[in-house]
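Hi everyone, thanks for making time this morning. Let's look at one structure together.

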Amino acid sequence: MRLLYATETGTAAELSQLVAEHFAKYISHLKVLELCDYDQTQLPLEDIVLFIISTTGDGEVYSDMRNFWRFLLLKNLPAHSLSQVQYAVFGLGDSSYLRFNAAARKLDKRLQHLGARPLLPIKLGDEQERNGLEGALQDWLVQLTDKLQLEEVRMNPSTDGVFYYYRVKESLQSVKSTSIDKWNAGECCSSQQFFWEAKVISNQLLVEEDCEHEVRQISLNIENSSITYKPGDVVYIYPKNSVAEVGKLIKMMGYNPKQVLEVERLNDIAPVLNLSCPCTLESLVASQFDLYALPRRTFFRKLAKFAKDSEERDRLLYFSTSEGADDFRHCRPCIEDLIQFLPPLRPRPFSIASSPTYHSGTLQVCVSIVKYQDCFGFWRQGVCSSFLKRSKCGDVIPVFVKRGSLKFPQVTDKKPCIMIGPGTGVAPFRSYLWECFAHHRYIVTQDSCRILFFGFAHCIF
Ligand SMILES: Cc1cc2nc3c(=O)[nH]c(=O)nc-3n(C[C@H](O)[C@H](O)[C@H](O)COP(=O)(O)OP(=O)(O)OC[C@H]3O[C@@H](n4cnc5c(N)ncnc54)[C@H](O)[C@@H]3O)c2cc1C
Ligand SMILES: Cc1cc2nc3c(=O)[nH]c(=O)nc-3n(C[C@H](O)[C@H](O)[C@H](O)COP(=O)(O)O)c2cc1C
């Protein structure tokens, strides 16, 4: 059985982990791959394939899924070429978009055209639903397990409900730098995406000092990278947690921040480590785990296994069935157990606001700093936007660029173009307008007209 997923911002990858954890109780041979890493010509030979597919852009298939999609659309593919294959599709989408779950629905339809046999009707996860995507996924898993008539067995790596992604050993070696401000990254974040180290050139406030909503422009030097980009493209930025937040968590858990660790990935679905080992515990937590992510229900269920206080355990189990969060001071898993279920720190996408020609060698983003009060009254900050806010000239930030779904007319195209980009949504249009300017030194002439509508809810840039 194989699980293939397509993700733009990481949610489908996280849900795929939950599916793998679920099936680890039953079978030992579930192979999980991102669609862009899968050799699509093998599809007709598969037995059972599960798809976890998100929809992005304007109802489009996710960019790294395009090769797979092109293969499925090949005209010379016989009508029953997938008749050996049984499959099930789980879609990730948001019903507030016009083309709800379009990518998953297109895939399901095409698989059936090619003779593949659905194990279940397609399941459309909806971010707007009260139980969210995870609730829909749990229902789907129950139905799927039933359909496959799987018998529960106890086997590694799933023991007592904790799925082990990493093996952690204390190390006596010293590490080159224990500073958690040093990015100690490896070379690639997935088999497809190589990241580059970009240097911060400037970090500029774009709104008035007293504006309640902070927006900043971050300029990065990319001269020493092979990054190329076009207007409409998106840069993914790897953040780090703040020193203060890392310190708070480690202190609360009673760990030693300078403890040197060897961390080994145990399987392919374990998120790739963003730093080389051995590393200190503080640098691991700073660069690997999202301390502000909304916890998934499974997080509470897993944490409950480590609760020494029965009241806390009951509360955690309660939270695993509905939403919630609290301070569980007596719940102290060891480091190895804890890192199995802390949510991974994922790179965040930002629309590129600069022009590849006019701002040659530079990449700019326009960042709205996320800060809000949660339901308990605590002030929370967005991990990546606050990381960028803290960044100083000369800091090195790991980034990679992906083609965006927004496509612009050629700079030479004379058709009129109306653009609407409120707030930081103006970024790709700024990129395009500077690109036009770099080529022609004009944006508006008698025969080419480009109009941008821009607004900002708080105060003027
Ligand atoms: C294609 C694309 C392009 C993008 N381009 C830009 C861009 O140009 N500029 C830009 O600033 N951003 C852009 N974003 C958004 C950006 O990727 C990040 O999501 C954003 O910066 C927040 O990341 P963060 O790490 O700071 O916040 P996170 O740590 O990820 O926190 C965000 C989470 O905090 C919670 N939250 C936030 N506000 C509240 C609230 N008021 N109440 C309760 N919970 C809340 C929500 O759960 C939210 O998901 C883009 C996103 C996409 C998908
Ligand atoms: C820029 C953007 C465009 C989206 N477009 C659609 C869409 O057209 N239809 C839809 O159903 N969901 C859409 N979504 C919602 C995503 O499918 C949903 O958030 C999903 O959980 C993302 O999964 P991922 O993190 O694996 O990419 C969009 C989300 C974003 C951020």
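Before we start, a word on burial: a residue is buried if its relative accessible area is under 20%, exposed if over 50%, and partly exposed in between, with a 1.4 Å probe and protein chains only. This is a predicted model, where local features need pLDDT of at least 70, side-chain atom pairs count only at pLDDT 80 or more, and totals for chains, interfaces and linings use all residues. Residues are numbered from 1 along each chain as written, chains are lettered from A and ligands numbered from 1 in the order written, and side-chain values use heavy atoms, leaving out hydrogens and water.

So, helix H6, residues 281–288: eight of its eight residues are buried, so the rest of the structure largely encloses it. Helices (H or I, at least four residues) and strands (E, at least two) are DSSP runs, numbered from the N terminus. Among the buried residues of H6 are Leu 281, Glu 282 and Gln 288. What covers them? The cover includes helix H5 (243–253), strand S14 (260–265) and helix H9 (335–341).

Now to ligand 2. Of the 21 residues around ligand 2, Thr 7, Thr 9, Thr 11, Thr 55 and Asn 101 come nearest; near means a heavy atom within 4 Å. S3 (48–56) gives the most to this shell, with three residues.

As for oxygen atoms of ligand 2, one lies 2.6 Å from a polar side-chain atom of Thr 11, and one is 2.7 Å from a backbone N or O atom of Glu 8. Thanks, and I'm happy to take questions!

Definitions and conventions
A polar contact is a pair of N or O atoms within 3.5 Å; within protein, one must be able to donate a hydrogen and the other to accept it, and residues adjacent in sequence count only if both atoms are side-chain atoms. Contact means heavy atoms within 4.5 Å.
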